[in-house]
Amino acid sequence: MIRWKKWILLALVVCVGVFILGTIANAKVTVTLWKASHGADPKIMPPILKAFEEANPDIKVDFLSHPWEGWDERYTMAFVAETPPDVSYMPDEFWPKFAVAGLLAKFDELFPEDLDVMKKDYPDAFWRLTKFRGHQYGVPYLWVAIVLFYNEDIFDKAGLTYPPSDTKDPYFPKWTWDEFVRVAKALTNPDKDQWGYAWSAAFRDPNYLYPFFYQAGTDVLDIEKNRAAFDGPEGIKAFQFMVDLVHKYKVVPADGMHPRFHEVFYEGKAAMGPVESYSVVVIRTQYPELKVGAAFNPQGPGVDFHSGRGGFGNSGYWVMAKACENKDAAWKLINWLTTKENGQTFCDGVGLFGCRNDFGPDPKEPLYKVFWDSTPFLPGYPLHPRLRQAHSLIMAEAQEAVLLEKTPDQAIKDAAAAVNAALQE
Amino acid sequence: MVRTFQNPIRGSLEILRWPKMRVYRGLAKSVKWYMFLLPYMLFYFIFLAVPIIWSLILSFQKGGLLAGTTFVGPKNYQVVWHDKLFITALRNTAYYTILVVPSAMFFSLFLALLINQMQRFQNFVKVCIFLPLLSSAVPLAIVWKALFIPEREGPLNYLVGLVGIPPQNWLGSPMLVIPSIVIFEIWRGYGFWTLVFLGGLGTIPQVLYEAAEVDGASPWESFLHITLPLLRPTFLFLAVMGVIWNFQLFDAVYMLTYGGPGNASYSIVWYVYRNAFHFEKLGYAATMGILLLFMILILTGLQRKFIEIR
């Protein structure tokens with residue numbers, strides 16, 4: 001009777017001993033890494049992380065690549081549940097609200113010496129966007145821009161000069177809003193379902209709207225005064241131009257509310273269209289017969305604001321959760337990801353651009369050059385925790401203006417009032 | 001005389017025979033049935049009752065998930081009625097529900113009557129019409145976005161073009177966006193409604209139709225005076241559930257329109273979601289959630305009264 005109890009006790013002791021020894025032997029630090037996928041992440045990131053683990057045998061990386069849909073819910077609930085990822089990739093419009101809530105680690109307090117060294121590797125424009133209310137929360141990683149693409153076949157058939165892709169091109173100073181409209185009108189033929197400019201206000205993000213503000217001469221928010229910046233005559237000019245493209249010049253398909261306007265350009269039905277840097281890969285792989293060129297944005301009346309050629313550009317950063325238990329290990333990982341070699345490998349794989357000074361466009365893809373050359377014209381997003389709310393308020397009013405439910409003047413006034421109310425909350 | 005029992009359970013039950021314990025006898029007999037209900041009651045409490053109570057508490061707070069909340073009393077309930085976007089969302093949701101519930105009922109009843117007449121392949125047809133409900137909403141939305149494209153060669157525009165209607169911007173027009181969502185949601189859910197009607201039709205005794213036929217009633221008169229009245233419980237069920245489900249419109253907005261164009265397809269639940277997760281206004285979102293709950297309760301009560309009286 002007693003014998004079997006002794007055996008059970010012995011077995012239990014052995015099991016517990018093996019478990020403890022195993023735990024001690026595998027005492028690796030685990031760093032969790034989350035990143036919304038830019039397409040090829042599941043293929044490109046694992047080798048980069050494996051090399052990191054080999055170089056740092058006491059650190060294990062638990063990597064999650066997830067879709068952009070549901071980004072807010074995923075990260076909000078993770079941080080609220082106090083199980084945030086140690087390191088995560090957050091674009092400039094996303095991370096300030098986490099910083100304001102005290103949920104991100106302040107790099108200037110944790111790693112001041114490292115930052116002094118790191119700073120030299122980045123342009124001021126990106127380094128500036130890592131700071132919010134006096135503290136540094138991110139390390140720059142990627143940036144995205146939108147420039148004007150044109151369909152070479154449509155231009156060739158009409159015998160028109162391509163829009164300029166070089167600032168030294170004699171056509172470059174003549175490439176203004178008026179010239180853009182002239183060309184777009186000449187290349188629009190609704191009966192043949194051909195449009196001068198593939199654009200739509202029916203988009204959830206303001207990427208294709210804000211360039212009108214910039215080219216008209218205004219930014220979106222005045223961060224210092226914590227209010228809308230677009231509520232002056234420049235903002236009205238921007239909305240008016242947008243509405244005129246749709247209803248006066250009629251160069252835009254579906255009355256400016258096409259739900260998939262990118263496809264209009266990709267399918268060769270539009271002479272020009274705004275295209276993101278990461279869509280070059282889409283064009284090359286899915287629409288290989290489309291002959292395209294990239295050009296600078298036309299110059300609007302706001303010549304004092306980024307030369308009146310402002311375009312959309314935003315950037316993404318590696319941030320660390322304040323709740324991260326292994327901050328040194330997480331910092332090592334961030335440093336690893338942002339080396340020239342690893343950063344370039346990732347960027348080339350997904351068709352994005354790295355923020356470092358020593359990065360350059362992939363020479364194998366000539367279309368990228370215009371994106372790089374247009375960086376002086378990119379204002380970037382203003383950092384504000386309520387920026388995304390401001391986006392949706394401005395977009396809604398822009399759509400009302402395009403639908404002729406409000407005049408541009410009224411739409412700007414209402415947008416500014418709504419944005420100011422949101423920023424004051 | 002005290003009796004002793006080797007079996008403790010029997011001993012316990014014996015105690016219940018005592019006159020003073022008689023009042024607990026009913027409960028004790030029912031204990032095992034309550035035990036069967038316990039998992040569901042726990043689930044209901046944790047995942048339904050507690051969130052509703054918590055939402056009510058949050059509705060008196062201001063702030064968000066990340067930065068935390070502070071108590072502001074009934075301020076949210078005062079502010080919400082002056083929020084133009086909330087009023088727009090309420091109006092859109094009501095409009096959508098008024099369109100979708102009767103349309104879905106009419107279409108599903110028509111289909112159910114047709115299927116009921118089928119001699120062969122009835123089960124196969126039932127499976128086919130139920131399939132959209134089993135599919136994930138995401139691929140369905142992708143397909144319907146393609147159907148709704150505004151060009152002339154868009155499938156839906158091609159169909160309407162056959163009867164002379166020019167191409168429409170289904171999801172880009174404020175006038176058409178909600179009817180477009182109605183079409184999508186009816187297509188997605190009609191399988192369930194049709195099966196419920198089929199079930200209802202199955203409960204109507206055949207002998208009533210035979211008697212009506214003998215008395216010279218036409219098929220239309222039979223439908224009007226036998227089918228419709230006897231389907232009243234089914235109508236009540238679908239009307240109540242239809243309002244409850246469709247007042248919570250979210251999927252289609254999220255996947256097809258994102259609340260646009262302008263705010264033409266902003267629904268209440270969509271606005272709640274945006275406030276909770278995008279705008280860091282959890283308290284305000286909770287306020288709208290509680291108001292939505294009461295609206296649905298009131299509408300459900302009115303529906304029951306109306307349909308039962310009739």
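Which hand does the crossing of helix 17 of chain A and helix 18 of chain A have, left-handed or right-handed?

A: The crossing of helix 17 of chain A and helix 18 of chain A is right-handed. A crossing is called left-handed if the near helix is turned anticlockwise from the far one by less than a right angle, and right-handed if clockwise. This is a predicted model, in which local features need pLDDT of at least 70 and side-chain atom pairs count only at pLDDT 80 or more, while totals for chains, interfaces and linings use all residues. Residues are numbered from 1 along each chain as its sequence is written, and chains are lettered from A and ligands numbered from 1 in the order in which they are written.

Two packed helices are described by the angle between their axes and the distance between the axes. Helix 17 spans residues 387–402 of chain A and helix 18 spans residues 408–424; their axes lie 9 Å apart and form an angle of about 165°. The axes are lines fitted to C-alpha atoms, for helices over the stretch in contact, and the angles run from 0 to 180 degrees between N-to-C directions. Helix 17 of chain A is therefore roughly antiparallel to helix 18 of chain A (angles under 35 degrees count as roughly parallel, over 145 as roughly antiparallel, 65 to 115 as roughly perpendicular and the rest as oblique). Helices (H or I, at least four residues) and strands (E, at least two) are DSSP runs, numbered from the N terminus.

On the side of helix 17 of chain A, the residues that meet helix 18 include A:Leu393, A:Ile394, A:Glu397 and A:Ala398. Their partners in helix 18 of chain A include A:Ala411, A:Asp414, A:Ala415 and A:Val419. Two residues are in contact if their C-beta atoms, placed from the backbone, lie within 7 Å. The residues of this contact divide into eleven nonpolar, one polar and three charged (Ala, Val, Leu, Ile, Met, Phe, Trp, Tyr, Cys and Pro count as nonpolar, Asp, Glu, Lys and Arg as charged, and the others, Gly among them, as polar).

The setting of this pair is chain A, which has 18 helices and 13 strands. Its C-alpha atoms fill a box of roughly 95 × 50 × 50 Å along the principal axes. Of the 425 residues of chain A, 50% count as buried; a residue is buried if 20 or more other C-beta atoms lie within 10 Å of its own, exposed if 12 or fewer, and partly exposed in between, with C-beta atoms placed from the backbone. Among the contacts in chain A with a separation of 6 or more, 76% join residues 24 or more positions apart.

Chain A is divided into domain 1 (27–143 + 314–377) and domain 2 (145–312 + 382–424), the bounds coming from an automatic or database domain assignment. The centres of the two domains of chain A, taken over C-alpha atoms, are separated by 29 Å. Their contact takes 21 residues from domain 1 of chain A and 22 residues from domain 2 of chain A. On the side of domain 1 of chain A, helix 16 of chain A provides the largest share, four residues. That side of domain 1 of chain A divides into 13 nonpolar, three polar and five charged residues.

Two loops of chain A hold backbone exceptions. Most residues other than glycine have a negative phi, and most peptide bonds are trans. A:Lys250 has a positive phi of about 55° and lies in the loop between helix 11 (233–247) and helix 12 (261–266) of chain A. A:Ser307 has a positive phi of about 60° and is found in the loop between strand 11 (292–295) and strand 12 (313–320) of chain A. A:Lys250 is partly exposed, with 17 other C-beta atoms within 10 Å.

Chain A also touches chain B. This contact takes 22 residues from chain B and 27 residues from chain A. Helix 13 of chain B gives the most to the side of chain B, with three residues. Chain B is divided into domain 1 (8–58) and domain 2 (78–309), whose centres, taken over C-alpha atoms, are separated by 39 Å. A cis peptide bond, with omega about 0°, joins B:Gly260 and B:Pro261. B:Pro261 is found in the loop between helix 12 (251–257) and helix 13 (268–278) of chain B.
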